[in-house]
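The tour below goes from one selection to the next.

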Amino acid sequence: MEKIDWNRVKTTIRKWKPGEYVRQTSIVVIGVLITFVGSELVTRCSEQADIKSTMLLIKDELRSNRKNFDGIVSEFSTDERLSALLVEHDMNVRLIPEDSLKQFRYSIGQIRSFYYTRNALDILKNSMLMQKISDKEFLLSLIDVYEALEGFKISMNGYYDMKEDAAIPFYLTLTDEQTNTVNEGKWEAWEIYLSDRKLRNFLKIPQGYFIPGYQERIEQKIDKMIQTIEQKYGSK
């Protein structure tokens, strides 16, 4: 590498007039500022692109969670209707049309569980991107949606744990003849179901398990957040 001739540099600087010295210094300062500002703008653009990409992942994740939520709510609604029907008739199945009971003949043995994912949210939380989002109210609402899903998961899976605890021991006590009878779903089937005290008491639970409007409020939170993300970050 060629050595710098400092004597030559000193000679050149001495020849500068005061105005030239200020002009040359200004050029250097402006160059540094332009480089700094340009670098900062590139960094900000990169951060905003990363935030947008992550938020769109979260939006897709919420849509998937909404689908899983709808599925388990639909399954649970069958148990709710059966429970309401039995309680309405004071657990006397002979007062209920047999055809109405037959549509629930498989519901006792249906054990489900609810799950949702939060991988995209965790990417945001574990990165430095979260602190770059200035709208903190938006972030609180986003976290609240996932907390609502977690609360629902605990409640829903708690219900199905109770159902499994009541149904499995019951089925294990049935004779082959009784098994054939319960599979038909007629009055005799439900009399066998209700002859088991634990199962009978459990069947009263679903119709009052959730407070009115609970599922609807979670649906609204998810849908509103999806719409908000689309408004703030677009759809692609």
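This is a predicted model: local features need pLDDT of at least 70, side-chain atom pairs count only at pLDDT 80 or more; totals for chains, interfaces and linings use all residues.

Residues are numbered from 1 along each chain as its sequence is written, and side-chain values use heavy atoms, with hydrogens and water left out.

A salt bridge here is a side-chain nitrogen of Lys or Arg within 4 Å of a carboxyl oxygen of Asp or Glu; by this rule there are 12 salt bridges.

Select Asp 223 and Arg 66, whose side chains form a salt bridge at 2.8 Å, N to O. Asp 223 lies in helix H9 (residues 214-233) and Arg 66 in helix H2 (residues 18-88), so the pair ties together parts 157 residues apart in sequence. Helices (H or I, at least four residues) are DSSP runs, numbered from the N terminus. Arg 66 is buried, at 17% relative accessible area, while Asp 223 is partly exposed at 27%. Buried means under 20% relative accessible area, exposed over 50%, and partly exposed in between (1.4 Å probe, protein chains only).

Next, select Asp 79 and Lys 163, a salt bridge at 2.9 Å, N to O. Asp 79 is in helix H2 and Lys 163 in helix H5 (residues 136-172), so this pair ties together parts 84 residues apart in sequence. Asp 79 is buried at 6%, and Lys 163 is buried at 3%.

Then select Glu 188 and Arg 94, where the N to O distance of the salt bridge is 3.9 Å. Glu 188 lies in helix H7 (residues 187-195) and Arg 94 in the loop between H2 and helix H3 (98-102), so the pair ties together parts 94 residues apart in sequence.

Finally, select Lys 59, Arg 63 and Glu 230, which salt bridges with shared partners join into one network.

Key: Helices (H or I, at least four residues) and strands (E, at least two) are DSSP runs, numbered from the N terminus.
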